[in-house]
Amino acid sequence: MPVFPTAAIALGTLLYSAPDAAQEAKVKEIFDEWCTTCHIGGGNPASDPSEVDLAVPLSSLVGIPSAANGQPLVVPGDPDASYLLTKMRGGEGMEGEVMPLGDDPLPPEQLQIVSDWIAGLPPPDTGGGTTGGGTADGGDVPPPPKSGKAPFHGTSQITLPTTTTLGKRVLQYRIDHRFGRIGAERGAFGLDGGVSMAMGLQYGILDGWDVALRRANSRKTWELGTKYVPLRQEDGQALSLGGYVALSYLRDFDVANPWVGDFQVMVSRLWFDRWSTMVTVGYHLNTNHNTRVSVDFGDGTPVPVRDKRDTMALGLASTVWLGKRRRWGIDMEYVLPIPDGSTPNVFYYRGGDADTSGSRIGSWSLGGSLKTAKHFFQVFFSNNREIATNLSAPGGQSGNPFATEGVDSNNPFHKFNFFLGFNLGRKFNIKAPKGRKSKSSATAEVGK
């Protein structure tokens, strides 16, 4: 990648300094609020659109071509020809998504400030004339197209898949991590205990359709899944409705039922732009992977069995979004495996007849998250240490979260009985193959 020419920055700043410094200061304030979190310290925007650096003097963007389509980022005196403004208000000739990525489009009054700044820059062939405010023909800046917000920050809440998808040609790398139990003798808030973790890739084939592959160290599990959300609230629907299907292989040497499947249906809604809720129904095949299982069939004598039972579970997820830009969230998740009351139960769950030492309260998680344009970070407490869908479905591993049996210590943290965890995701936009034109470009060419 060629290095961004610092000489061009200096020359652009010298030749095209805005006559109204106050106007540029207003634009800088807008960019600092919405854009420079991602667009800072970039390289060459002519090679990679994401390398546009908006923390430099803004006049240095004059004449620099965009890697998206070769149009100059800023054309002095001509807002309509400036691709920087096109990316913020949408319309013909724009590649990709409207900026700022992952947030609502800028309000018309802020777009007008950017337009007025560009219109006031002196064109190089006039030596300082201005063309007035608004667009090049003197009109007002049209508002950007409205689009709804995705119901949740991440494509998964804690372990439950959400109705949020990545979008077409977006790749996500994600790490899910759980530390050891906090109430164990190995202390440091569980940091000294054994770790359960998973790494995976997820790719958006179409808007609303993702595929994912991840590997968890628990049971050496490989999980291949796909999520499809045909009804999406961000497209103007009253709610979001989708499903997730996965096929997993547990390749550990001492495991029963190594091939398993999972089916989940999700229904969600974003309320008041601040509160997201989701209900899920899941059916999970062959969820007991212990090779030595004994079941009491009612005569008081447990006998060894091969447990081929499935698990049915109800899930609830919720996020409350905080702050002006709603990037911070308070996240909650609860999954309740459903027993049928028979002896033995038709369904397998932790705390049931085949796992009497397990928790009978299902699995719970509570924490917080932060979302930026391309990153998602979440930290939480949970009683479920499993990550893979089939392993986490039967419920959590700990019962009373404020009591740990068998631990005698003066350390108050040893009384806790849950796990500390975090999830981290990073998105990457994948460019379309060379030679493939966007719909807007193709339409414009056909009309010539």
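## Residue classes and model

Ala, Val, Leu, Ile, Met, Phe, Trp, Tyr, Cys and Pro count as nonpolar, Asp, Glu, Lys and Arg as charged, and the others, Gly among them, as polar. By these classes, the lining of the second largest pocket has 3 nonpolar, 7 polar and 4 charged residues.

This is a predicted model, where local features need pLDDT of at least 70 and side-chain atom pairs count only at pLDDT 80 or more, while totals for chains, interfaces and linings use all residues. Residues are numbered from 1 along each chain as its sequence is written, and side-chain values use heavy atoms, with hydrogens and water left out.

## Confidence

How high is the average pLDDT of the protein? The average is 81, and 78% of the residues score at least 70. (pLDDT is the predictor's confidence in each residue, from 0 to 100.)

(A contact means heavy atoms within 4.5 Å.) Where pLDDT is low, the predicted coordinates should not be read in detail.

## Overall build

The protein has 448 residues, and 47% of them count as buried. (Buried means under 20% relative accessible area, exposed over 50%, partly exposed in between, with a 1.4 Å probe and protein chains only.) Its secondary structure comes to 6 helices and 14 strands. (Both are DSSP runs numbered from the N terminus: helices are H or I with at least four residues, strands E with at least two.)

β7 covers residues 275-284. β10 covers residues 311-322 and pairs with β7 in the antiparallel sense, over 10 bridges. (Strands pair if DSSP finds at least two bridges between them.) On this side, Tyr-283 stands opposite Met-312 of β10.

β10 also pairs with β11, residues 328-337. This pairing is antiparallel too, over 10 bridges. Here Leu-314 faces Leu-336 of β11 as its opposite residue. What do β10 and β11 form? They form a hairpin with 5 residues between them. Gly-323 sits in that turn, with a positive phi of about 85°.

## Backbone points to look at

Start with a cis peptide bond. It joins Met-99 and Pro-100, with omega about 5°. Pro-100 lies in the loop between α3 (83-89) and α4 (108-120).

Arg-169 has a phi near 60°. Its place is the loop between α4 and β1 (170-181). Arg-169 counts as partly exposed because its relative accessibility is 24%. Phe-272 also has a positive phi, about 60°. Phe-272 sits in the loop between β6 (259-271) and β7. Is Phe-272 buried or exposed? It counts as exposed because its relative accessibility is 70%.

(On a 1 Å grid over the protein atoms alone, a pocket is an open set of points with protein on both sides within 12 Å along at least five of seven lines; a cavity is a set where a 1.4 Å probe fits but cannot get out; lining residues have an atom within 4 Å of a point. Points are joined across faces, edges and corners, and a volume is the space filled by probe spheres set on them.)

How many cavities of 30 Å³ or more does the structure hold? There are 3. The largest cavity has about 270 Å³ of space. Its lining has 22 residues, with Ser-156, Gln-202, Ala-212, Arg-214 and Tyr-244 the closest to the centre. β1, β2 (196-206), β3 (209-216) and β4 (221-231) each give two or more residues to this lining. β3 gives the largest share, 5 residues. By class, the lining of the largest cavity has 7 nonpolar, 9 polar and 6 charged residues.

The second largest cavity has about 110 Å³ of space. It is lined by 15 residues, and Leu-160, Gln-264, Val-335, Ser-392 and Ala-393 lie nearest its centre. The elements giving two or more residues here are β7, β10 and α5 (389-392). The lining of the second largest cavity has 5 nonpolar and 10 polar residues, but no charged residues.
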